[in-house]
Amino acid sequence: MATKAATNKKRVIISHANLSPELLEAFKAAYPAGYSDAMIRIDKPSGDFFYAVPFETDEISYLVKVDVKIDTKPEEELDKDYYDDEDGEISGADQIADTPDEDDDE
């Protein structure tokens, strides 16, 4: 059973960029290993959506809006970004200089 104080908590949606320094520190402390597993998708009536992370303080229950980049390219296009078309080599691999390690003197 929820306490009366918990049900009367103010609910706020705020952007991660707009968190005060104090709230940002508390948010980081609440998610020390990152918040990707806690993200939820919020669907708006207009059909738009955003991603948010729940965050609680003693007085306020927050939904912290976070920016999420979603890949919309087809997989073939993503592969072209990383591999040359002709030989399947990673793009730019020929430009990486082979430099001997200091430990290779043995």
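Student: What makes the charged end of Lys-65 count as sitting over the ring of Phe-50?

Tutor: In this predicted model, the charged end of Lys-65 is 5.0 Å from the centre of the Phe-50 ring. A charge sits over a ring if NZ of Lys is within 6 Å of the ring centre and within 35 degrees of the ring normal. The charged end of Lys-65 is therefore said to sit over the ring of Phe-50.

Student: Why is Phe-50 called buried?

Tutor: The relative accessible area of Phe-50 is 13%. Buried means under 20%, so Phe-50 is buried. Phe-50 belongs to strand β3, residues 49–56. Leaving aside neighbours within four places in sequence, Phe-50 is in contact with several residues, including Ile-13, Ile-40 and Lys-65.

Student: Which residue has its charged end over the ring of Phe-49?

Tutor: That residue is Arg-41, whose charged end is 3.7 Å from the centre of the Phe-49 ring. Phe-49 has 34% relative accessibility. Buried requires a value under 20% and exposed a value over 50%, so Phe-49 is partly exposed.

Student: How do you know that Arg-41 and Asp-43 form a salt bridge?

Tutor: Their closest N and O atoms are 2.8 Å apart. A salt bridge needs a side-chain nitrogen of Lys or Arg within 4 Å of a carboxyl oxygen of Asp or Glu, so the pair qualifies. Asp-43, at a relative accessible area of 51%, is exposed because exposed means over 50%. Arg-41 has a value of 44% and is partly exposed.

Student: How many salt bridges does a search of the whole structure find?

Tutor: The search finds 2 salt bridges. One of them joins the side chains of Lys-9 and Glu-56, at 2.7 Å from N to O. This pair links distant parts of the chain, for Lys-9 is in the loop between α1 and β1, Glu-56 is in strand β3, and 47 residues separate them.

Student: Why are Lys-9 and Glu-56 called partly exposed?

Tutor: Lys-9 has a relative accessible area of 21%, and Glu-56 has 48%.

Student: What makes the pair of Phe-49 and Tyr-51 edge-to-face?

Tutor: A search of the whole structure finds 5 aromatic pairs. One of these is Phe-49 with Tyr-51, at 5.8 Å centre to centre and 85° between the planes. Rings pair if their centres lie within 6.5 Å, and planes over 60 degrees apart count as edge-to-face, so the pair is edge-to-face.

Student: Why is the pair of Phe-55 and Tyr-62 called stacked?

Tutor: The angle between these planes is 25°, and the centres are 5.9 Å apart. Planes under 30 degrees apart count as stacked, so this pair is stacked.

Student: Why is Ser-61 buried?

Tutor: Ser-61, in strand β4, has a relative accessible area of 19%. Since buried means under 20%, Ser-61 is therefore buried.

Methods:
Residues numbered from 1 in each chain as written. Predicted model: local features only at pLDDT ≥ 70, side-chain atom pairs only at ≥ 80, totals over all residues. Heavy atoms only, no water. Helix = DSSP H or I, 4+ residues; strand = E, 2+ residues; numbered from the N terminus. Buried < 20%, exposed > 50% of the residue type's maximum accessible area, 1.4 Å probe, protein only. Contact = heavy atoms within 4.5 Å. Phe/Tyr/Trp six-rings, centres within 6.5 Å; stacked < 30°, edge-to-face > 60°.
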